[in-house]
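Morning, everyone. I have one structure to go through today, so please look at the display first.

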Amino acid sequence: MIQFILNNKLIKTEKSASYILLDFIRYDQHLKGTKSGCREGDCGACTVLVGTLENGKVNYKSVASCLTPLGNIAGKHVVTVEGLNADKGLNPIQHALDEHAGTQCGFCTPGFVVSLTGHALSKNFGKYDEAINSVSGNICRCTGYKSIERATKDIADGLKATEENSQDWLIKNKYLPEYFYDIANRLAAIENLPRNKNGKIMGGGTDLYVQKPDEISDAEISFALNNPELKGISEENGEITVGAAVTANEIMYSDIFNKYFPEIKTWFKLISSEQIRNAGTVAGNFVNASPIGDLTIFFLALNAELTVTNNENKERKILLKDFFKSYKQVDLNKGEIIKNLKFKIPKENFKFNFEKVSKRTYMDIASVNTAVSYTLANDFIEDIHISGGGLAAIPKYFDKTRNFLKGKKPTKENIRAASDILLSEVSPISDIRGSKEYKQLLLKQLFFAHFE
Ligand SMILES: Cc1cc2nc3c(=O)[nH]c(=O)nc-3n(C[C@H](O)[C@H](O)[C@H](O)COP(=O)(O)OP(=O)(O)OC[C@H]3O[C@@H](n4cnc5c(N)ncnc54)[C@H](O)[C@@H]3O)c2cc1C
Ligand code: FES
Ligand code: FES
């Protein structure tokens, strides 16, 4: 049995753990505010908040309910638009959207309201850029967005009235209804889903539910997001360790990553949307083995090493650069899962850069993406790792270019000579994301950009 709280109601259901949350909300609970649009994570009409009890507090994140199985919300608080009003009137977020004509046909509006409430509940509340980022996965076909941007500005400004982000303040000021006061206590009394060690492993489900929805509808699933052994980011013994079920947003907002990669937010905001980054995990990105997986390209350039484990807790290590065998084929035996990834703590004079070009800047997959990390010792490149996506059947690690640049100075001449070797290491094919010639040109230009 799966238990969770839906708005103010305790749910106990015998539905399959792989049953989609959106269908449960609309068709089992008849809450029709959460809309069914694309069912592929792209439109945001189905956005709900998922609150997880952590150290006595409930931490809320927005997710696409169309890609969320019940197994991933067991023991949690799910909030739909119906659960957001203190009384019959509009709450401040709804009021701002109404005031600025940020709603016309209204189909997208519940999704925007829920995402912006996610912003109000986040650590970064009141910052306009972050408020805009919170709706990065919400599409509106009517308003042209300017009215929504103005409403978002008002909402961000309104939240600045409090210095400390506190649910109590949000309740007192009618952003949230009073039942939120008691959610932490109520969640503490709910059972989590027991772990199914033998089932097919799922992270956020943001790839599986798009690629193979039928294959998993009746399958036994092991839910990685519920497994504390696969969570957490830590720094010790000269290495940074990232659990396999850590999400893209957990990396983007982690203190450790922000310390060593101060530009991480600029790069990670190019990856999917807030809702998808709140669910999609690193291991899911590696194992779906897309040649343009952004997290894969990021960690390939750090020469990350994976720890893989099986049902008998036997572990083996494998470098991410050796993990991809051929198109969509990875080095995992039956029963094996990824436990974590590790990479060396960056030294002094460490440089890192990530570049991604897609048809749209945001909320799109890459035509070409690439990353580089290198360390300088007395102006010479001590070591370097270069990765690139969209150029071959697998995410590419550039071995020959690395060997050429190791021990050399990153001068214009050396980088130009290295770019010729780089291009000789791949032969991209023309596809929907660009012609072969365009991708080659992109790779060369982005490689130069790494050293600018
Ligand atoms: C709207 C949308 C936009 C997207 N945009 C981007 C983008 O810009 N860039 C990008 O790179 N990706 C993008 N994606 C793809 C996807 O979100 C990411 O690849 C994400 O990281 C997948 O993680 P997940 O946890 O959701 O994977 P899941 O769907 O849960 O799993 C994917 C695969 O990994 C396996 N798996 C999961 N965890 C483990 C483990 N611990 N060990 C072994 N196998 C495991 C699963 O069995 C499955 O085969 C997008 C997806 C959507 C829906
Ligand atoms: S229905 Fe479009 S994101 Fe879920
Ligand atoms: S108001 Fe119609 S889709 Fe946004």
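This is a predicted model: local features need pLDDT of at least 70, side-chain atom pairs count only at pLDDT 80 or more; totals for chains, interfaces and linings use all residues.

Residues are numbered from 1 along each chain as its sequence is written, and chains are lettered from A and ligands numbered from 1 in the order in which they are written.

The chain has 19 helices and 18 strands, meaning DSSP runs numbered from the N terminus, H or I of at least four residues for helices and E of at least two for strands. Its radius of gyration, taken over C-alpha atoms, is 23 Å, close to the 22 Å from the globule rule for 452 residues, so the chain is as compact as a globular protein of that length. That rule is 2.2 Å times the number of residues to the power 0.38.

Now the ligand. Around ligand 1 there are 33 residues, and Gly41, Gly203, Gly204, Gly280 and Gly284 come nearest; a residue counts if its C-beta atom, placed from the backbone, lies within 6 Å. Helix H14 gives the most to this shell, four residues.

Last, the helices. The axes of H2 (residues 92-99) and H3 (residues 109-120) come within 9 Å and cross at roughly 130 degrees. Axes are lines fitted to C-alpha atoms over the stretch in contact, with angles from 0 to 180 degrees between N-to-C directions. The two helices are therefore oblique to each other, the class left after under 35 (roughly parallel), over 145 (roughly antiparallel) and 65 to 115 degrees (roughly perpendicular).
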